[in-house]
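Keep the 3D view open as you read.

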Amino acid sequence: MRIVGLTGGISSGKSTVSNLFKANDIPVVDADLVARDVLKKGTGGWKKVVATFGEDILLANGEVDRPKLGQTVFSDPDKRQLLNRLLAPYISTGIFMEILKLWIKGFKVIVLDVPLLFEAKMDKWTKPIIVVWVDPEIQLQRLMARDRTSEEDAKNRINAQMPLDIKRTKADIVIDNNGSLDDLNEQFRKVLSQVTMPLTWTEFWLSRQGAFSALVSVIVGVVICRKVL
């Protein structure tokens with residue numbers, strides 16, 4: 001199995017690229033969706049967060065008020081790191097289970113969409129790594145327009161993540177999203193052809209088909225040995 005890492009920054013266009021993969025029948029494991037699940041009322045992650053940040057972050061129905069929690073942690077690096085530490089085990093487990101499900105189904109190529117791919121050290125699981133990059137000033141303007149937020153709030157949210165220029169240096173593939181949607185689509189087509197190339201031998205043996213082939217080889221070997229003995 002080939003696990004493609006996909007990351008970027010807020011308002012970089014990563015979600016657009018993720019949706020393009022889905023539209024081309026490449027399954028995507030979305031860390032943001034997993035994170036939403038681990039914060040649902042009554043889950044282990046929910047209990048940890050409520051115990052740490054208090055019931056003031058809850059809505060009337062008991063669910064976490066995500067925008068309120070976000071405002072709390074984006075403006076305070078220590079609280080943000082604390083939240084990441086609390087949820088990291090639950091998110092990692094959730095991602096692993098989603099990957100396992102896709103492995104069992106026999107998918108050869110999947111995309112792991114993680115905003116904090118490098119920060120969470122999940123880049124070690126993925127190859128190649130795709131970074132959706134955009135100029136910082138364009139990123140700021142897009143975020144302010146998208147969320148109708150102030151420049152200060154937008155900068156706080158952007159600064160809460162690793163700078164895109166640093167992520168860019170760690171990438172195997174960089175998608176430059178400073179241009180139009182047509183430009184992005186053209187780049188994506190080239191990237192799609194790269195990530196769907198035939199699996200390497202290592203990737204093949206890590207796939208379900210490879211594991212099945214290895215199992216068959218072992219069984220045949222055992223049968224032959226029994227006959228010889």
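Strands here are DSSP E runs of at least two residues, helices are H or I runs of at least four, and both are numbered from the N terminus; two strands count as paired if DSSP finds at least two bridges between them. Look for Trp 133, whose bridge partner in β5 is Asp 176. Before going further, note that this is a predicted model, where local features need pLDDT of at least 70, side-chain atom pairs count only at pLDDT 80 or more, and totals for chains, interfaces and linings use all residues. Residues are numbered from 1 along each chain as its sequence is written, and side-chain values use heavy atoms, leaving out hydrogens and water.

Now zoom out to the whole sheet. Five strands make an open, parallel sheet, ordered β2-β3-β1-β4-β5. At the edges sit β2 (28-30) and β5 (173-176), each pairing on one side only. Neighbouring strands are turned by 20 degrees against each other on average, direction ignored (axes are lines fitted to C-alpha atoms, for helices over the stretch in contact, and angles run from 0 to 180 degrees between N-to-C directions). Helix α9 (residues 181-195) packs on this sheet, touching β1 (2-7), β3, β4 and β5, and its direction makes about 165 degrees with that of β5.

What about β1? Six of its six residues are buried, meaning under 20% relative accessible area with a 1.4 Å probe, protein chains only (exposed is over 50%, partly exposed in between). Both faces are covered, with Arg 2, Val 4 and Leu 6 on one side and Ile 3, Gly 5 and Thr 7 on the other. β1 pairs with β3 over five parallel bridges, and three bridges join β1 to β4, again parallel. Gly 5 shows both pairings: Gly 5 stands opposite Leu 112 in β3 and opposite Ile 129 in β4.

Finally, find helix α5 (residues 77-105). Its end C-alpha atoms are 40 Å apart, which agrees with the 42 Å that its 29 residues should span at 1.5 Å a residue, because the expected span is 1.5 Å times one less than the number of residues. Still, α5 bends by about 45 degrees at Leu 87, with Pro 89 following within four residues; the bend is the angle between axes fitted to the seven residues ending there and the seven starting there. Its buried residues include Leu 83, Leu 87 and Ile 91.

Terms used
Contact means heavy atoms within 4.5 Å.
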